[in-house]
Amino acid sequence: MALLDIDHVDLIYQTEKSETEAVRDLTFTVDEGEFIALVGPSGCGKTTLLSMIAGLLPPTNGAVKIDGEPVVASSGSVGYMLQRDNLFEWRTIESNVMLGLSVQKKLTDESKNYALGMLDKYGLGEFRNSYPTELSGGMRQRAALIRTLAFKPRMLLLDEPFSAVDFQTRMTVCDDVHSIIKSEHKTALLVTHDISEAVSMADRIVVLTKRPATVKTIFDIDITAPSPLRRRENPRFSEWFDRVWKEVSL
Amino acid sequence: MKIKRPFPCLIDRKRTPRQIFLAKRRNDKITTVLLQIGLLLAFIGLWELAASLDWIDSFITSCPSRIFKTLSTIDAADLFKHIAYTLVECIIGFIAASTLGIVIAVLLWRFAKLRRVLEPYIVVLNALPKIALGPIIIIWVGAGAQAIVVMTVLICIIVTVISVLNGFMSVDEGKILLLRSMGASKLQILTKLIIPANVPALVNMLKINVGLAWVGTIMGEYLVSTAGLGYLIIYGSQVFKMDLVMASTVVLCILATIMYLAVAGVERLTKKRYHIDA
C-alpha cells in the first residue's frame, strides 16, 4: 500500500466574489521512502494541495489518505516545512526543535534524546543553546528540518523551503536537506517552481496543469547520483531539465 | 567588547582610531547629560531670578524657593497620605486596566464572531473622550476612590484592547500554519506563539498605560476626591495657593517618572530574556 494516496481529489474555493476550482480530479500516490517533487505553473494550487495533505483543508470531493487513513492535522503524521524557517526567535534552537513534541505532548526522555541526537548528528549540537538570530540561513533551515523530523512524522511536506535562502547557500542547503531526509529514510513531497531543484532532488516529478490543477505527467528521474549537487553534474541532468521544463510550460 | 588596557608604563601616547572613537562617544554622552542638567538648572535659576527681580508675579507663578519652602514646611505625614492615595489609585487602575484589557483582547482574538460584532462599539468607545463619562461614573459607583479607579481603567482599557489585539492579529501567518500542521489547539497557539511573540508589544503597552493611568487618576481626582495629589492641585488653585499647586505638580512629576522608569526596567529585562535587539 502506498504511504500517501491522493484519490480523485477536487477542491473548490468559495469566496465572496466567486467560486474557484483549484484542484480537479487529482490522483497520485507516494510510496514509503520516495522523494517526490511537485512542479507546475505558478498559482496552480500546489500550496493548496499541501494544505490538504497536511489535513488543514478538507477536499471538496475525493480523499487524501496516509497509511490508508484520511488525514487530520491533529494526528501529527505530516511534517510541514514552509518557505521561511519560522523558527521562534524567543526560543533556543533546542527548544525550537522540541516545539512539535511539546505541542503533541510527546515530550519524553526518549523523544528528547532522539531530537538532541539529531542536532548533534547534523552539526547543530553546539548551537542548542543559541537563538535563531545567531545562526546562518543554512543552519536555520537545517534546524527547521530537525524540528520537523523530531516528532517522527510519516511524511514531510516541503513548500519551497529553499526560496528564502540566498542563492549561494541554496545548493548546499538542498544537499543538506536531501541527505538528512535520505539518511533518516523519510518520505518527502517537495513543492517548487525551480525545475532544476526538482530534477536534482526528486525520485519522481509530478507535473501539474494550470488551474484547476490535475496531474499532467509523472516522470521517473533515473539519474543515479549520491547527492543533488552530483546530479547537477551528470550529463543527463540538462536532458531531464529540458523535458520537465517543456512539460511544465506547454 | 572589552579592550585590554596595557600597563601604564607601556601606554603609547598615540591613540588608535578605536580609542579615539570611544573617547568621542564618551565625551558626547557626558556633554549630553551635562546639558540636560544645565537646562534644568538654568530653568530653575531663571525662574527664581525672574521672581526675585519682580519680572513675574510670584504670587501667580510661584517660584522654586517658594515651592521648596512649601515642600519642607508641609506636614510630611499629610503629604504622604496624599501621595499614597494617588499612587494606590493609579497602580490599581493601571493593573486592572492592563489585565482586563489583555483578557478582552484574548477573547476577541479567539472568537472572530465576537470581534466582528464588537468592532463598531470599540471604535465608538475609543473615539469618546472618557472624561465625559465622569458624572455617570460618580453616580453609578459613588464619589470616592472607586470612581477614580474606574475612570483610570476606562481611559486605559480601550487603547489596551485595541493595541494588544492588533499585535495578536499581526503574528506571522507562517508560524500559525506551522503550529496548526503540528496539530496545535487554539489554546496552544495562544500560549506557545501569540503571547510570546507579543511580549515586546505587551511591555510597550504597559509603558503607554503608565502615562494614561496618571491621566485617568488625576482627572478622576479633579472630579471627585478628598485626598490625593490631584486634590491638592485643585484645592491649591481654588484657594489661590500657587506654591501648593506647583509643589504638588513637582511631586507628581517625580512619581510618574519613577513609575515609568520601573516599567522601562521591566522592558529591558524582557528584551534580554527574549533576545530582542535594540
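A nonpolar core is taken here as a set of buried Ala, Val, Leu, Ile, Met, Phe, Trp, Tyr and Cys residues joined through C-beta atoms within 7 Å. In this predicted model, the largest such core comprises 113 residues, of which I53(A), I146(A), L157(A), L189(A), L190(A) and A198(A) touch the most other members. The largest share of this core comes from helix α7 of chain B (residues 145–169), which supplies 16 residues. Apart from this core lies another, of 12 residues, which includes I67(B), Y231(B), L244(B) and V251(B). As for I146(A), when its neighbours within four places in sequence are left aside, this residue is in contact with V97(A), A115(A), M118(A), L119(A), Y122(A) and L124(A).

Chain A is divided into domain 1, made up of the segments 4–77 and 153–249, and domain 2, spanning 89–151. The C-alpha centres of these two domains of chain A lie 25 Å apart, and 14 residues of domain 1 are in contact with 10 residues of domain 2. On the side of domain 1 of chain A that touches domain 2 of chain A, helix α6 of chain A (residues 167–183) gives the most, with six residues; by class, the residues of that side divide into seven nonpolar, three polar and four charged.

For chain B, the domain assignment gives domain 1 (8–56) and domain 2 (65–273), with C-alpha centres that lie 35 Å apart. Two helices of chain B, α3 (residues 64–73) and α12 (residues 242–273), have axes that come within 9 Å and cross at roughly 80 degrees. Since angles of 65 to 115 degrees count as roughly perpendicular, α3(B) and α12(B) are therefore roughly perpendicular to each other. In their contact, R66(B), I67(B), T70(B) and L71(B) of α3(B) meet D243(B), L244(B), M246(B), A247(B) and V250(B) of α12(B), and by class this contact has six nonpolar, one polar and two charged residues.

Between the chains, 15 residues of chain B are in contact with 18 residues of chain A. On the side of chain B that touches chain A, α8 (173–181) and α9 (186–197) of chain B each supply at least two residues, and α8(B) gives the most, with seven. Classified by residue type, this side of chain B has seven nonpolar, five polar and three charged residues.

Technical notes. Residues are numbered from 1 along each chain as its sequence is written. Chains are lettered from A and ligands numbered from 1 in the order in which they are written. This is a predicted model: local features need pLDDT of at least 70, side-chain atom pairs count only at pLDDT 80 or more; totals for chains, interfaces and linings use all residues. Domain bounds come from an automatic or database domain assignment. A residue is buried if 20 or more other C-beta atoms lie within 10 Å of its own, exposed if 12 or fewer, and partly exposed in between; C-beta atoms are placed from the backbone. Helices (H or I, at least four residues) and strands (E, at least two) are DSSP runs, numbered from the N terminus. Two residues are in contact if their C-beta atoms, placed from the backbone, lie within 7 Å. Axes are lines fitted to C-alpha atoms, for helices over the stretch in contact, and angles run from 0 to 180 degrees between N-to-C directions. Angles under 35 degrees count as roughly parallel, over 145 as roughly antiparallel, 65 to 115 as roughly perpendicular and the rest as oblique. Ala, Val, Leu, Ile, Met, Phe, Trp, Tyr, Cys and Pro count as nonpolar, Asp, Glu, Lys and Arg as charged, and the others, Gly among them, as polar.
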